[in-house]
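Dear colleague,

Please find below the structure I promised to pass on to you. My notes on what was found in it follow directly after.

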Amino acid sequence: MDSNRVATGLGRGPRAQPELAATAVSRALARARLGSARSVILFLTHHFADNPTPALRAAARVAGCTQIAGCTAAGLLTDEEWIIDAPAAAAMVFGGPAFLDHVQKNDEDVLLSLVAPGDLAADWLDVGSRRVGAVAGDVLGRGPFRVWSSGQVRRDGRGEVALRGLVGNLGASQGVRALTSPIEVAEVHDYDVLKLGHYPALNVLVQALPIGVREMERIPLHLIMGGVTFGDPATAIKEGRYRLNHIVAANMSDQSITFAQRLTRGERLFWAMRDTLASERDMRATIDRTALGLKAPPDFGLLFPCTGRGPHFYGDTDRDLDLLTHRFPGLPIIGIYGNGEIGPLDEANHLYQYSAVLGLFRAATRNCP
């Protein structure tokens, strides 16, 4: 693909006006050296959520097309910069062999998938096609939330478009620091894990915590979670084959841990903690794995970090975005900070939390080395 056929643009200002969307598309067209676009990904900050239609119409007029997909979000990003808590629009234009298209039954192409929090359902997520995307959101997580495709706001709160003319590879960085190796879940009741191995679950957790955390008056449970592994537990953590299960409560009476999702006896669980250095290392490895699987340099990227992982987590910078732009200088990139991230796990689509989902894409017509 001619790299000038895909490009991004930003528009920002003091108020949520349609002109911001028009500016974002106009700048993207100029960078791509295009007079019009075949299709557009358009993300708007939550300031537009009450009525995004004027912004969609303004973007369509400038782009010269109506195939526009996107959603509102707490923040957005491109290869130029990230923006949170300020009215803004981000656009990626497609003018060459790559384009956005309606989803067909049993679609084999990657699906850009966006959904409002209350409209996410297992039967929508669990399809044969590979999904990449995020849950729309705002700063407080209260809404309203808006999703659109074909330039129209979706009443069902779900938007999906197929990425045509492309080869894509997807990856996800959960970025936690493992505190233990995987341990067998030996005794469980409903959402409560009572024993890991031969010991009470809470006792195993406390013993695994770093000394400084262990000595705190209250354990910071919001930073700690369990990782449930898939396949060979000896290599699952290193290869990212696990899903995170969040702690609801630590129960002193029976030394059990209550989780957000049920576990079953015999599963393997390791204790993990959110950590910036571990997240950086894991993101770097995720970029390497995803690029290797693409088997050729990418033409553009989609990046969906959690709102709890971006600049608020790293300290007024987005290290996930920095690592990606450093690895691929000049690569067009677009994404949002979501209330959940949609990507692959164990050969299925998965809803992540506190993670970053990455998609790298190249033209299907380009020969691999």
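**Thr 78 and its surroundings**

Leaving aside neighbours within four places in sequence, Thr 78 is in contact with Thr 8, Gly 9, Leu 10, Ala 90, Leu 321, Ile 333 and Ile 334. Please bear in mind that this is a predicted model. Thr 78 belongs to strand 4, which covers residues 75-78. Is Thr 78 buried or exposed? Its relative accessible area is 0%, and buried means under 20%, so Thr 78 counts as buried. The side chain of Thr 78 also reaches the backbone nitrogen of Glu 80, at 3.0 Å.

**The chain as a whole**

The chain contains nine helices and 26 strands. Along the principal axes, its C-alpha atoms fill a box of roughly 65 × 45 × 35 Å. For 369 residues, a compact globule would have a radius of gyration near 21 Å; the chain has 21 Å, and therefore agrees with that expectation. Of the 369 residues, 53% are buried.

Contacts between residues at least 6 apart in sequence were also examined: 77% of them join residues at least 24 apart. The accessible surface of the chain comes to about 16100 Å², and carbon and sulfur atoms account for 47% of that surface. As for charge, there are 38 positive and 39 negative side chains. The centres of these two sets lie 4 Å apart.

Most residues other than glycine have a negative phi.

Asp 190 is not a glycine, yet has a positive phi of about 55°. Where is Asp 190 placed? Asp 190 sits in the loop between strand 15 (183-189) and strand 16 (192-196). With a relative accessible area of 41%, Asp 190 lies between the limits of 20% and 50%, and so it is partly exposed.

Lys 295 likewise is not a glycine and has a positive phi, of about 65°. The loop that holds Lys 295 runs between helix 7 (276-294) and strand 22 (300-305). Its relative accessibility is 61%; because exposed means over 50%, Lys 295 counts as exposed.

With kind regards

Note on methods: Residues numbered from 1 in each chain as written. Predicted model: local features only at pLDDT ≥ 70, side-chain atom pairs only at ≥ 80, totals over all residues. Heavy atoms only, no water. Helix = DSSP H or I, 4+ residues; strand = E, 2+ residues; numbered from the N terminus. Rg over C-alpha atoms; globule rule 2.2 N^0.38 Å. Buried < 20%, exposed > 50% of the residue type's maximum accessible area, 1.4 Å probe, protein only. Contact = heavy atoms within 4.5 Å. Areas by Shrake-Rupley, 256 points an atom, 1.4 Å probe, with all protein chains shown as cover. Lys, Arg positive; Asp, Glu negative; His and termini not counted. Charge placed at Lys NZ, Arg CZ, Asp CG, Glu CD. Polar contact = N/O pair within 3.5 Å; in protein donor to acceptor, adjacent residues only side chain to side chain.
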